[in-house]
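Please look at the display while I speak.

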Amino acid sequence: MSEIIASTYEIIDRIGSGGGGVVYLANHLRLNKKVVLKADKRQLKTREDILRREVDALKNLSHTYIPQVYDFFVSDETVYTVMDYIEGESLDKPLKRGERFSQPQVIEWAKELLEALCYLHSPTHGDPPRGIVHSDIKPANIMLTPMGSICLIDFNIALALGEENVVGRSAGYASPEHYGLDLSDDTPIMDGMTELMENDDATIPMNGSEYSSSSKKIVIPDTRSDIYSLGATLYHLLSGTKPAKNVFEVVPLSEKEFSPQIVKIISKAMNPNPNKRYQSAEEMLYALNHLRENDPRTKRRKRTFAIVVPILAVVIAGGAFTAFTGLKRMESEQKALTLAEYSQNALDDGNIDMAVEYALEALPQKKSLFIPEYTAQAKKALSDALGVYDLSDGYKPQHVIELPSETLKAYLSPDGKTGIAVYAFSAELFDTETGGVIDTLPLAESALSDAVFVDNNTLAYAGADGISLYNIEKKSVVWTGKPATQIAVSADGKTIAGVYRDESFATVYDISGTEKATVSFEANKQRVVGNDTFVDPKDNLLALNNNGQFLAASFENGGLMVFDTTDAENSVEIYDQSEFTHFEGGFNGQYFAFSSTTDGSSVFAVINMEQMAQEGGFALDSRIGVNADESGIYISNKSTVVKIHPVTGDQQEVAYADSDVRMFSTDTQNTIVATEKNDYILYDKSAVLIEQHNAGQTECSFVDIAGDYAIVAGRDTPKIRVLKRIDRSSDDIFSYDKNYSHDEARLSADKSTVMLFDYKEFRLYGADGSMIKTVSIPDAQNVYDQQYVKESGNLAVIYNDALRIYSGKTGDAVFDESGLKSVFYAPYGVSILDKDNNLRLIDLNSGEEIMSEKAEGDYAAYCGMIVDDKFLNEGELIGAAKIGDEYVFAVANGDICAVFDNSGNKKFEIPVQDQSEAFFTDAAVITSPLHGTPAAYRLSDGSKIADLEVDSYLTYITQLNDYVMSEYISASGERYAILLDPKSFEPLARLPQLSDISDGEPIFDYYKGTLRRTHIYSINELIEIAKEGDNA
Amino acid sequence: MSEISNEMLFYGGLAIAGLAAVILIIFLIVFFIGKIKLNLKFDMEYGAKPKKTKNKKRR
């Protein structure tokens, strides 16, 4: 018969027993439910009411991993605890069978146990801060359910009730506190402690009376003791080995066999010192829940990520910013290049204002990281636009007047200060000084509409309402007459005649607007094309003589008449009618000069109006152009313009162009011609060419010159170029006989002498302009080279087999030797190899011998040292220089030039063409082929810097402080220089007609009898000049 | 700056940024592949990570 306890529990089976008591499987008779009945034989001192209250607290415990406690009672002095029956087996059984558990499995169980402990240790379940302490955690008290989860069983109920003398312990799992030991201050192990821990059968009274030999305090197990037991349990589950009974003999788990983190967690949980263990189950659970985060590999990866990603992000950002900066700078640079090109185009068009404006825009004043330094092209554009290095006298582009449509006619006032340009169907009156428009005058709607200056302040024009007189100063129309298109004004400015299209009469007015006469053309009319709105063939002649008495007019039928406006009976018929279709001419005093043209053949004649007789004339099978006014009669034929005497026919050349003259204009001083090649060329009164320009793609149809101004216009362009005469004589530094022919003019370093020379002769002047000597150079046809020595003013004349050095003071030869085997010039001296094989270095300043060595080879050259034929290896020494204290020289051999240093070591090789010369600066070597493009190379490594001027011969390189000056002769013989950036060798400015450089300042020779000097302008100076010009 | 041309700045910067971006992408790929591999290792060592479940909050 089965045993029934407390009339409720029928014992089914005895499922376990131990030192603490016996565990039964029982059936709850009323609930008919299996329960576990744990009988504890230990004596409890707790009072019944307290017992009841605490059991109620235990009964309220409810957790997944803790069995539900139903009851607690005392029967027969045995304490019984009634709780859930958990199916499965405790973990000690598989351990006893030798089974091992995987680490993840153990970790999972550990977390479940810790969750259960967190619940139990919570102060809500007991006296704070202890909560409920299990006190006997070990594999045997952990049930593994069939579901795979665990359940913590077998509470030490006595401890939960606060009993101090009934603590049980399981060897190996029990913490030192279970033995009443307090190791919290890490005091060394003392006698008795180890023995106590190894005596696992003893019940430790918590008052510590049995452990009097130790100074250790006796303590009651708390939540940290459970942590120890759990650690020991995990130790056993993982390793399969029960931990040592003595905590000090526990062998740590192998970090090779188990994860180091797990080993550390278990070791920490099992630390003998409770203060060094996890202080709570939450803390240990946290460590287990954050295994991945706290794993060194994770930390290492995070650290790597935290270092690499920001670095790469910074590099990306830095690279992107650098690229962006480069892009912006490239854009700025490209913009500057484009603007520099615009500036050059504007300059080519003669529009200086725009050229300067574009150049200034290409040189932004604002500085930033995104704006690069000024480009060389922009600098050059500004210096070219300002013309600071053009010190020549002459007519320089000043402004461009842009009309709304193509130009039909353009004239200057007698003083040149005002211009009128006719287009369809208005006339624009402009100020040549400022380039500004004074007024726009509406014209009759015909391309024949004319506008003629009466004087500097008065203009007669074919107004929309009739012929009008306009006061320029007052900007008002003085009077308006009958409709007119063609207009003629007498030289005295008192009579004006007008003809309207093809009407057969002319109306003559006095200056006040009163009609003086109407001149009938009878049946004749002037030549007008079908549609004269847009076409003016300029075939008609309509001219008044000086006092307005005579009016010359040509007609469509080839007729030509000179009418007497005062007496029609005195009119002269030159042609009644003829085959001529084009007439030109005018009055000069009493003479009427004209040309009549048909099919490219012309007749020129002069009529004496006083004698009513022809004075002279001739016919040519080419077109003759005629300009006749009170200054004279000028005719053009083919490429020549001459002034012709009306009576004698004597001709004085005023212009000689290189192509047929299309139109010309003269004033008292100068002549301007427009040619079929669209050149516009200016000559002085001696027919000496002042300057020549080309209008480019636009036609050069109209030119006029008066006072200090000239204008150039074309039928196919609305742009009118205004040129101004510039006198730069204030820049003169020296005067010489302008008729003395020479190639070069050089000023000595001390400025005491000036030498003009070519290969045949030189002339030496004193600083005051007095001529010292003129010397013819002997054997001139064999001169190989000439070098002016600035320091002394000497001239070295170099032949293939001779050397002559002339004194810069007296003009006498200070060295003269012929029959030489070789002569080589270097800036520091001339090396000669004489007939006795002596290598001698001759001082260019004194003509004296500096050094002399006996040459041993067949050929040698001297450039500060002996260079024998072996070294040259059939090469040719093409340049040498002394840079600091070191010599450097270039030897060409075929198409390779080797540059050597002072020790004869080859520095590098560069390509070179036949017949090249080499120049040196401090940082570069420049090759100058006779035919080809000179190029600059870095002296440091021979890398190419830049190609220099194409199609010109580089004659010399001069290093200045901040620049390099390169001098050239163009294919057409023009001498000019290009100022270069010393690093990039990009051109910074063009210096036409540069003759010399003195004290770093350029000197110009325009072969007009003077030398002129300026200085090298810095870019800031140029900008200031440009801005001053703008403000002005 | 004068010795370094604007083209060098642009193309150099672009190359540096591009190279760094490629390295970053490669690093991130390697890093995340490594992370996956490490997670697998962790799964082996510490057990599979419990999947997070979305709990609707009750008001």
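This is a predicted model: local features need pLDDT of at least 70, side-chain atom pairs count only at pLDDT 80 or more; totals for chains, interfaces and linings use all residues.

Strand β24 (residues 550–554) of chain A is joined to strand β25 (residues 560–564) of chain A by 5 bridges, and the two run antiparallel; here strands are DSSP runs of E with at least two residues, helices are runs of H or I with at least four, both numbered from the N terminus, and two strands pair if DSSP finds at least two bridges between them. Within this pair, Ala553(A) stands opposite Met561(A) of β25(A).

Residues are numbered from 1 along each chain as its sequence is written, and chains are lettered from A and ligands numbered from 1 in the order in which they are written.

The pair belongs to an open sheet of 4 strands in chain A, ordered β23-β24-β25-β26 with antiparallel pairing. Because β23 (542–544) and β26 (572–575) of chain A stand at the edges with a single partner strand each, one side of each is left without a neighbour in the sheet. From one strand to the next the twist averages 15 degrees, where angles run from 0 to 180 degrees between N-to-C directions and axes are lines fitted to C-alpha atoms, for helices over the stretch in contact.

Further along chain A, β43 (residues 744–747) and β44 (residues 753–757) pair in the antiparallel sense over 4 bridges, and Leu747(A) has Val754(A) in β44(A) as its bridge partner. These two strands form a hairpin with 5 residues between them, and Lys751(A) in the turn has a positive phi of about 60 degrees.

Turning to helices, α10 (residues 296–348) and α11 (residues 352–361) of chain A pack at an angle of about 170 degrees, with axes 8 Å apart. That makes α10(A) roughly antiparallel to α11(A), a term for angles over 145 degrees. By class, their contact has 10 nonpolar, 1 polar and 1 charged residues; Ala, Val, Leu, Ile, Met, Phe, Trp, Tyr, Cys and Pro count as nonpolar, Asp, Glu, Lys and Arg as charged, and the others, Gly among them, as polar.

What does the contact between the chains take from each? It takes 27 residues from chain A and 22 residues from chain B, with contact meaning C-beta atoms, placed from the backbone, within 7 Å. On the side of chain A that touches chain B, α10(A) gives the most, with 17 residues.

Notes. Angles under 35 degrees count as roughly parallel, over 145 as roughly antiparallel, 65 to 115 as roughly perpendicular and the rest as oblique. Two residues are in contact if their C-beta atoms, placed from the backbone, lie within 7 Å.
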